[in-house]
Amino acid sequence: SLGTEGHVWAVAAATGAVVADVVVPGPAFLNDLVVTPTTVWVTDSRVDRLAGVPVGAGGLPTGAPLVVLPLTGAWPAGPGTAINANGIRALSDGTLVLNNSRVGGLWGVDPATGVASAIPVTGGPGITGGDGLVLDGDVLYNVRGSGAAEVSVLRLTRAAGSWTARWNGARSDETLDVPSTATIAGGWLWAVNARFGVASP
């Protein structure tokens, strides 16, 4: 069932202090986010919507009302219990790219309307899932996009107003146990080793 409220916090990197706390009413599972020049977009993974926090030039919330953006168009609606929208990044034309943990695939979303369309992927085994997304120029890394212990590598192309992707292999390691998200730093792809199947001590 939906919770009563969720929170998106702005945290000062130098001190760890919470400098803004934005309440999201009725969330199911706030999961991943991307910061654009005007909005922090957050996936709400068990309901088919995004939460948008308006931000100003300094990256702090402006105090303007929260944007609740239902995902429509070709977006594969979920049952309300499964993880659907998960990773999110912003492409060069402002399109938001999302993956879908339940049915796989990549999806381009218009942030003005919430209308989604599939981003076709050629080559490789197909995108069967996904967690975190990392964008490095025109290369998109989809954590667990095609396997539980790997990060799929895709090259994005925009032509005639739409996006396509081409499979460019996958990255893995024998010690990688269910990665959940990743980032690029110092020329390396760093992945979080979530180890979801290991019982907590």
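V178 is buried, with a relative accessible area of 18%. Here, buried means under 20% relative accessible area, exposed means over 50%, and partly exposed is in between, using a 1.4 Å probe and protein chains only. V178 also has a positive phi of about 55°, although it is not a glycine. You'll find V178 in the loop between β16 and β17 (179-185). Strands are DSSP runs of E with at least two residues, numbered from the N terminus.

R195 is another residue that has a positive phi without being a glycine, at about 50°. R195 sits in the segment after β18 and is partly exposed, with a relative accessible area of 44%.

## About the model

This is a predicted model, where local features need pLDDT of at least 70 and side-chain atom pairs count only at pLDDT 80 or more, while totals for chains, interfaces and linings use all residues. Residues are numbered from 1 along each chain as its sequence is written, and side-chain values use heavy atoms, with hydrogens and water left out.

Let's move to β9 (residues 96-100). Five of its five residues are buried, so β9 is largely enclosed by the rest of the structure. In a regular strand the side chains alternate between the two faces of the sheet. In β9, L96, L98 and N100 are on one side and V97 and N99 on the other, and both faces are covered.

Which strands pair with β9? β8 (residues 85-90) does, in the antiparallel sense over four bridges, and β10 (residues 106-109) also runs antiparallel to β9, joined by four bridges. Two strands count as paired if DSSP finds at least two bridges between them. R89 has V97 as its bridge partner, while N99 stands opposite L106. Each pairing is a hairpin with five residues between the strands: G94 has a positive phi of about 95° in the turn between β8 and β9, and G104 has one near 85° in the hairpin of β9 and β10.

## The nonpolar cores

The largest nonpolar core has 13 residues, and those with the most contacts inside it include W41, L71, W75, L96 and L98. A nonpolar core is a set of buried Ala, Val, Leu, Ile, Met, Phe, Trp, Tyr and Cys residues joined through side-chain atoms within 4.5 Å. β8, β9 and β10 each supply at least two residues of this core. A second, separate core of 12 residues includes V97, L140, L156 and A165.

## An open sheet

Five strands make an open sheet in the order β12-β16-β15-β14-β13, with mixed pairing. β12 (121-122) and β13 (133-136) stand at the edges with a single partner strand each, so one side of each has no neighbour in the sheet. Inside this sheet, β15 (residues 150-159) and β16 pair in the antiparallel sense over nine bridges, and V151 stands opposite R171.

## The largest pocket

V151 and R171 turn up again in the lining of the largest pocket, along with residues including D173, W188 and W190. On a 1 Å grid over the protein atoms alone, a pocket is an open set of points where a 1.4 Å probe fits, with protein on both sides within 12 Å along at least five of seven lines; lining residues have an atom within 4 Å of a point. The elements that give two or more residues to this lining are β16 (162-172) and β18 (188-193), and β18 gives the most, with five.
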